[in-house]
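Please walk through this structure one part at a time.

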Amino acid sequence: MIPTIVVVSPHSEACAVLVNALKDRGCQCQGVGLTPVDVARVGYYHPVAVVMDSLITPHAMGALEASLVALSPRPPVITLGQANWVPGEFDPAVEEQLVEQLADVVPALRRFRRVLHAAADIIEAETREVVARWIQRLSLIPAFAAQPEMSLEALCGEVAAFIKAVVDVLRYGRESPVWSRDGIAYAGAVAHARLRIGQGIPMLAVVQECEALQLELGMTFWRSLVLQPFTAAEVCAIRECFQSAIDGILLATVEEYRRLKS
């Protein structure tokens, strides 16, 4: 998982300010609410640190403990006093105090942010070549090989939007606006499903073409490793971003495909 600081608080506006401040420091950061359901999600992010509101209830604390129990090493939990929070903002000194308390964490998170941005730059610069090699891979999928007269535009569909979504996930995480209902990832997945249905392409082939895109993105990135001294953990984090982005695209595409076919 990508190293992440999780901020747990019911003060949504102030929480967002703190999350953004930590992101500006180069940290991957995620805010969650204070309900037991929210707190139970904390472990999902495999946090390297948890910043917690002092108002957390015993029930929510129990959910947090259960969420973190399986993590090794256990992340430090830093509790902010109620005086640090006011509506819509937080005490400016809090940011500096947190950075001091996270002295062993913040530099590593900054490094990971730089690495993810470097991977995004690599994919963005290679987009045309990725598309070209992906088209070659499609020729190995029977449903596409059976339609050699298909135009290049019809063959490509929304793949450029999908690559842009992967780049944005690397740079901004899954909270990137490309994943909103109006964002390019979701809109592209819907349009792609409709296009493939109109072309008579079966859903299995749609899944295979998404897998081919993930493979080509990975191969493009791995070829660059000789020039980028990434660690094994960093490579795993980048692989996770690829997987997360393609899984999201594939899920939205398949859901729309099934909806239209039902």
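In this predicted model, helix α11, residues 203-224, packs against helix α12, residues 232-261. The crossing in which α11 passes α12 is right-handed. On the α11 side, the contact is made by Met203, Val206, Val207, Cys210, Leu213, Gln214, Leu217, Gly218, Phe221 and Trp222. On the α12 side, the residues are Val235, Ile238, Arg239, Phe242, Gln243, Ile246, Leu250, Thr253, Val254, Tyr257 and Arg258. Sorted by type, the residues of this contact of α11 with α12 comprise 15 nonpolar, 4 polar and 2 charged.

Another residue of α11 is Glu216. Is Glu216 buried or exposed? Its relative accessibility is 2%, so Glu216 counts as buried. Apart from residues up to four places away in sequence, Glu216 touches Val130, Arg133, Trp134, Arg137 and Arg223.

The crossing of α9 and α10 is left-handed, whereas α11 passes α12 in a right-handed crossing. Which residues make the contact of α9 and α10? From α9 come Ala161, Phe162, Lys164 and Ala165, and from α10 come Ile184, Ala185, Gly188, Ala189 and His192. The residues of the contact of α9 with α10 divide into 6 nonpolar, 2 polar and 1 charged.

The aromatic rings come next. Rings of Phe, Tyr and Trp pair if their centres lie within 6.5 Å, and by this rule the count comes to 3 aromatic pairs. One of these is Tyr44 with Tyr45. The ring centres of Tyr44 and Tyr45 are 5.2 Å apart and the planes stand at 80 degrees, so the pair is edge-to-face. Tyr44 has a relative accessible area of 58% and is exposed, while Tyr45, at 13% relative accessibility, counts as buried. Phe221 and Trp222, which both belong to the α11 side of the contact with α12, also pair. Their ring centres are 4.9 Å apart and their planes are at 70 degrees, so this pair is edge-to-face as well. Phe221 counts as buried at 0% relative accessibility, and Trp222 counts as partly exposed at 24%. Together with Phe242, Phe221 and Trp222 form one aromatic cluster. Phe242 takes part in the helix contact from the α12 side.

Some loop residues follow. His46 lies in the loop between α2, residues 36-40, and β3, residues 49-53. Most residues other than glycine have a negative phi. His46 is not a glycine, yet its phi is positive, at about 45 degrees. With 42% relative accessibility, His46 counts as partly exposed.

Leu71 is found in the loop between α3, residues 58-68, and β4, residues 77-80. What does Leu71 contact, leaving aside its neighbours within four places in sequence? Leu71 is in contact with Gly43, His46 and Pro47. At 14% relative accessibility, Leu71 counts as buried. Leu71 and Glu255 are 184 residues apart in sequence, and their C-alpha atoms are 33 Å apart in space.

Thr35 sits in the loop between β2, residues 29-32, and α2. It has a relative accessible area of 40%, so Thr35 is partly exposed. Between Thr35 and Val8, which are 27 residues apart along the chain, the C-alpha atoms are separated by 9.6 Å.

Finally, the protein as a whole. It has 12 helices and 6 strands. Taken along the principal axes, its C-alpha atoms fill a box of roughly 70 × 45 × 30 Å. Of the 262 residues of the protein, 49% count as buried. Among the contacts with a separation of 6 or more, 77% are between residues 24 or more positions apart.

Note on methods
Residues are numbered from 1 along each chain as its sequence is written. This is a predicted model: local features need pLDDT of at least 70, side-chain atom pairs count only at pLDDT 80 or more; totals for chains, interfaces and linings use all residues. Side-chain values use heavy atoms; hydrogens and water are left out. Axes are lines fitted to C-alpha atoms, for helices over the stretch in contact, and angles run from 0 to 180 degrees between N-to-C directions. Helices (H or I, at least four residues) and strands (E, at least two) are DSSP runs, numbered from the N terminus. A crossing is left-handed if the near helix is turned anticlockwise from the far one by less than a right angle, and right-handed if clockwise. Contact means heavy atoms within 4.5 Å. Ala, Val, Leu, Ile, Met, Phe, Trp, Tyr, Cys and Pro count as nonpolar, Asp, Glu, Lys and Arg as charged, and the others, Gly among them, as polar. Rings of Phe, Tyr and Trp (its six-membered ring) pair if their centres lie within 6.5 Å; planes under 30 degrees apart count as stacked, over 60 as edge-to-face and the rest as tilted. Buried means under 20% relative accessible area, exposed over 50%, partly exposed in between (1.4 Å probe, protein chains only).
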